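Hi,

Here is the structure I promised to pass on. Have a look at it first, and then read my notes below.

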Amino acid sequence: MPLEKITRVQGTGVHVPGNDIDTDRIIPARFMKCVTFDGLGQYLFYDVRFDKDGKPKGHPLDDPKHKGATILLSGRNFGCGSSREHAPQALQKFGIRAVIAENLAEIFAGNCTTLGIPCLQMSAAEIAKISAAIQKSPKMNIVIDLASQKVSWDGGSASFSMKAGACEALMKGEWDALGQLLDGKDQVAMLASRLEYFKAG
Amino acid sequence: MASGGKSLFQKVWDAHVVRTLDNGQAQLLIGLHLIHEVTSPQAFGMLRDLKLKVAYPHRTFATVDHIIPTDTRQQPFADPLAQGMIDALKAACKEFNITYFDVESGLQGIVHVVGPEQGLTQPGITIACGDSHTSTHGAFGAIAFGIGTSQVRDVLATQTLALSRLKVRRINVNGQLPVGVYAKDVTLHIIRVLGVNGGTGFAYEYNGSTVAAMNMEERMTLCNMSIEGGARVGYVNPDEKTFAYLKGRKYSPKGAAWEAAVARWKACASDKDAAYDDVVNIEAKDIRPTVTWGINPGQAIFIDENVPSPSDVKDAADKASIVEALEYMKLKPGAPIKGTKIDVAFIGSCTNSRMSDLREVAKYVEGQRVAPGVKALVVPGSMIVQKQAIEEGLDKIFRAAGFEWREAGCSMCLAMNPDKLVDDQLCASSSNRNFKGRQGSPTGRTVLMSPLMVAAAAIKGHITDAREVFKLETAGV
């Protein structure tokens, strides 16, 4: 199954500040009672964005200035908590195509990569610079270049880091590993036949 | 390959690598795959769309835990979405020939309670499940970790995953735990000390005399919350306790196969001269009963300490985190945590819902009463735990004390079932996460602690020191 080679992501940005933003906040558990991932986008950050009567609370994601933003910026340990893929799915269905944070929780970042969403790590200072630029001109284009591992925006650019395997996988169009894993079928069978406990099962 | 000792992680990882993929990740064989109703439906959907079969159906086992009500099992459930999910799981297991521990089997329960009690969780194997608390199974000396739904699809279709090798941090906990200090306090303390993302990129090897002295259920509590410290994998080297626990269980090896298995299991333990990427030493005597005060598991203090104040820290982002947490939890900076009124008390979850947890609580609540106005639940981790608890008369003790005795399931840990907080109720909880809105109300407040501490809070109606309430000996043994 041929996947898009992702070498560049560009678009406008939106900053959701805060550290340790967890997956329960990104998608509250009550919206996970579904058998598909359809329609999850509307529930992204639901309890932060809407009060108990469903009225918007003025969250950056609902600010008309940031409508159509595809690049999300945040703080430390973004995506901590659950392994639920519903969190990156909600982000993707909302329209987010890349996440820039100081650092990210491992399972969350892996899930994002599987969906073709690059997760970039940058310092708090650099993120603050980009955020300030977004505040000044919300419609400014941000360009993420995976080959050079650089982000550029009006009036600035900076390097980012990414998990090595993830960057390569995205650029090669191998970010959803299933195809490759299926290719290893015979070798899997060989190893499985050599492990005592596996055979016995 | 350099000579010299290997850690359990290195041994088990190396034994399960099928090959190296293009991007440098390993294609890792998964020995045991556990599934539940929340993270599997879309995976099965993807298999159907791709016209793929399950590669090794005999290596996947299913149960239902997150959405199942704990007051009655009667179907159809009041929540049609929950009914849809249990129907989808049942249908998928039938279609793809997967063993399903459903209510009818009498073996249903929280997936991380069921795996071990069935003897499926064993030393030296890799285990994956679409749930981050899969780290629990590491208590047996397995490499066990949580995965997302697309990865559940990968395991179903290929019995493998694309993964990056983790570094290994050895955490030695040494000495005798003081009275009233439990495995739950040890894990909360470790997360407090190392931070909620201190373990990112690491597997944690829990070692030291304190860990060796723990029984298997305590080791499961310890490993369960590894992920809350950022570590996807947490494990304890297998020993005689591990083998004794596994002997005779349904899926444990038998006869000659048992002897061969024990020999393999002994061999997979970390070598004495294994090298680690990092080593941390913790003294058991320094740990006291621990409770969270904030909105992530790392925001924790000892029961006799005060809630932090923003002025305690210099970094602006850290200050902001404290302010945000105190505002949400409605706690005063610098105030004692003791005395904080509770509305709900929850004993349950994959962290603390096993027999040893229930026995310890029953021992001390016998003859006592839950405070008026407090809703207190005891939720056994599985139908087997429930049955055993009833045989020992624990259910009668809980009910007599004013606790509700429930059916097995995840219950109020994450409230995907009817067990939810209302408005800004504060819950003393033996579960593993205190994030905003975790327990079913967007303004609900969670304070994590050990099961006995929950019981003490239930009786007093406020967060308190179980050692005082139950007059636990403070003199050294």
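Which residue in strand 5 of chain A does I100(A) stand opposite? It is L120(A). Keep in mind that this is a predicted model.

Strand 4 (residues 98-101) of chain A runs parallel to strand 5 of chain A, and three bridges join the two. Both sit in an open sheet of four strands, ordered 2-3-4-5 (chain A) and paired in parallel. At the edges you'll find strand 2 (13-15) and strand 5 (119-121) of chain A, each with pairing on one side only. On average, neighbouring strands in this sheet are turned by 20 degrees against each other, ignoring direction.

As for chain A overall, I count nine helices and eight strands. Its C-alpha atoms fill a box of roughly 60 × 45 × 25 Å along the principal axes. Of the 201 residues in chain A, 47% are buried. If you take the contacts in chain A between residues at least 6 apart in sequence, 68% of them join residues at least 24 apart.

Then there's the interface: 65 residues of chain B are in contact with 55 residues of chain A. On the chain B side, the elements giving two or more residues include strand 1 (17-20), helix 3 (80-96) and helix 11 (316-329) of chain B. Helix 5 of chain B gives the largest share, six residues. By type, that side of chain B splits into 26 nonpolar, 28 polar and 11 charged residues.

Cheers

Notes
Residues numbered from 1 in each chain as written. Chains lettered and ligands numbered in written order. Predicted model: local features only at pLDDT ≥ 70, side-chain atom pairs only at ≥ 80, totals over all residues. Buried ≥ 20, exposed ≤ 12 C-beta atoms within 10 Å, placed from the backbone. Contact = placed C-beta atoms within 7 Å. Nonpolar A, V, L, I, M, F, W, Y, C, P; charged D, E, K, R; others polar. Pairing = 2+ DSSP bridges. Axes fitted to C-alpha atoms, helices over the stretch in contact; angles between N-to-C directions.
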